[in-house]
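Student: I would like to go through the terms used for this structure and see what each rests on. Please show it.

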Amino acid sequence: MLTTRLLVTKMAMPSNVLIRNLCSAAQAKVKHHNSFKTLQITTPKPFVFHVELHRPKRYNAFSKEMWIEIKNCFDELAVNPDCRAIVVSGAGKHFTAGIDLTDVISLGTEMSDVDDVARKGMILGRTIKLYQESMSALENCPKPVIVAVHSACIGAGVDLITAADIRYCTTDAFFQVKEVDIGMAADVGSLQRFPKAIGSQSLARELCYTGRRFESSEANSCGLVSKVFPDKDHMLQSALELANNIAEKSPIAVQATKANVVYSQSRPNQDGLDQIREMNKLYLQSEDFVNAASAQLTKGEKPIFSKL
């Protein structure tokens with residue numbers, strides 16, 4: 001019955017009207033997201049959300065507030081039925097300058113009020129865990145996340161982009177795993193995800209041990225990014241088109257694919273095969289499979305999939 005209703009709705013309503021209605025509904029539901037102070041959230045296309053790091057005067061440096069808001073944002077989008085794909089970019093001159101050192105100083109002041117080493121450790125542990133969970137929220141979000149990087153992507157920026165699914169950048173982009181330069185080991189994701197993202201332990205260790213800056217051409221050749229664009233506008237346009245392409249597909253199929261790719265990344269192949277077999281015992285009985293397969297066979301219009 002649901003499939004029939006969807007098909008009747010599709011036939012009765014012109015596609016441009018349907019798209020406008022979907023966008024209007026999504027915009028209405030996203031209004032509360034704009035209460036974020038360090039992020040700007042928009043819905044430029046149906047089922048596509050654009051999350052913009054929005055501290056341009058601080059070069060989008062990661063304050064404690066931003067760490068918290070990133071986690072909250074992606075936790076909300078993870079269960080939002082109007083969201084099927086997400087694009088992340090940065091406002092202003094740079095994608096991000098990394099961690100906000102003024103927040104590091106504030107943390108040091110908080111710790112100076114505590115004498116006991118164990119209690120200092122508890123404060124640091126809670127803070128690090130918060131930051132780790134913030135970056136992991138991108139990877140744990142079942143919706144594909146596309147990052148669009150321009151100019152500087154330093155420190156925490158690398159933590160963020162390596163937790164995403166797809167990475168684009170501009171020709172002027174540059175990257176640094178910079179933590180060693182401020183006397184610490186990266187602790188919120190780069191050391192775990194960056195080597196897997198580029199596939200070279202040798203290069204990953206060189207960049208993490210030295211904090212060396214590397215440009216967009218090297219990022220592209222080593223696999224950190226999949227495409228390089230001449231400017232930010234072209235990059236964002238392509239990222240949004242890609243997100244729209246993904247959003248038009250079955251949300252069950254896309255989200256199951258991401259879940260299995262992430263699950264299989266650090267496990268033996270057989271574990272991944274076992275998981276997808278268990279998933280597809282259910283998902284192959286979905287109306288999405290029937291509708292998509294029928295559309296492929298008949299070469300008809302693209303199917304419209306119900307919200308998940």
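**Terms and cut-offs**

Tutor: Leu191, Phe194, Pro195 and Ile198 of H7 meet Gln201, Leu203, Ala204, Leu207 and Cys208 of H8, where a contact means heavy atoms within 4.5 Å. This is a predicted model, in which local features need pLDDT of at least 70, side-chain atom pairs count only at pLDDT 80 or more, and totals for chains, interfaces and linings use all residues. Residues are numbered from 1 along each chain as its sequence is written, and side-chain values use heavy atoms, with hydrogens and water left out.

Student: What makes a stretch a helix or a strand here?

Tutor: Both are DSSP runs numbered from the N terminus: helices are H or I with at least four residues, strands are E with at least two. The protein has 13 helices and 9 strands.

Student: Why is H7 called oblique to H8?

Tutor: Helix H7 (residues 190-198) and helix H8 (residues 201-210) pack at an angle of about 135°, with their axes 8 Å apart. Because angles under 35 degrees count as roughly parallel, over 145 as roughly antiparallel, 65 to 115 as roughly perpendicular and the rest as oblique, H7 is oblique to H8. The axes are lines fitted to C-alpha atoms over the stretch in contact, and angles run from 0 to 180 degrees between N-to-C directions.

Student: How do you know that the structure has 0 disulfides?

Tutor: A disulfide is a pair of cysteine sulfur atoms within 2.5 Å, and a search of the whole structure finds 0. Cys73 is in no disulfide, the nearest cysteine sulfur being that of Cys83, 8.6 Å away. Cys153 is likewise in no disulfide; its nearest cysteine sulfur, that of Cys169, is 9.2 Å away.

Student: Why is Cys73 called buried?

Tutor: Buried means under 20% relative accessible area, exposed over 50% and partly exposed in between, with a 1.4 Å probe and protein chains only. Cys73 has 0% relative accessibility, so Cys73 counts as buried. Cys153, with a relative accessible area of 0%, is therefore buried too.

Student: What makes Gln255 buried?

Tutor: Its relative accessible area is 18%, so Gln255 is buried by the under 20% rule. Gln255 lies in helix H11 (residues 251-265). Not counting residues up to four places away in sequence, Gln255 touches Pro142, Lys143 and Leu308.

Student: How many of the residues count as buried?

Tutor: Of the 308 residues of the protein, 44% do.
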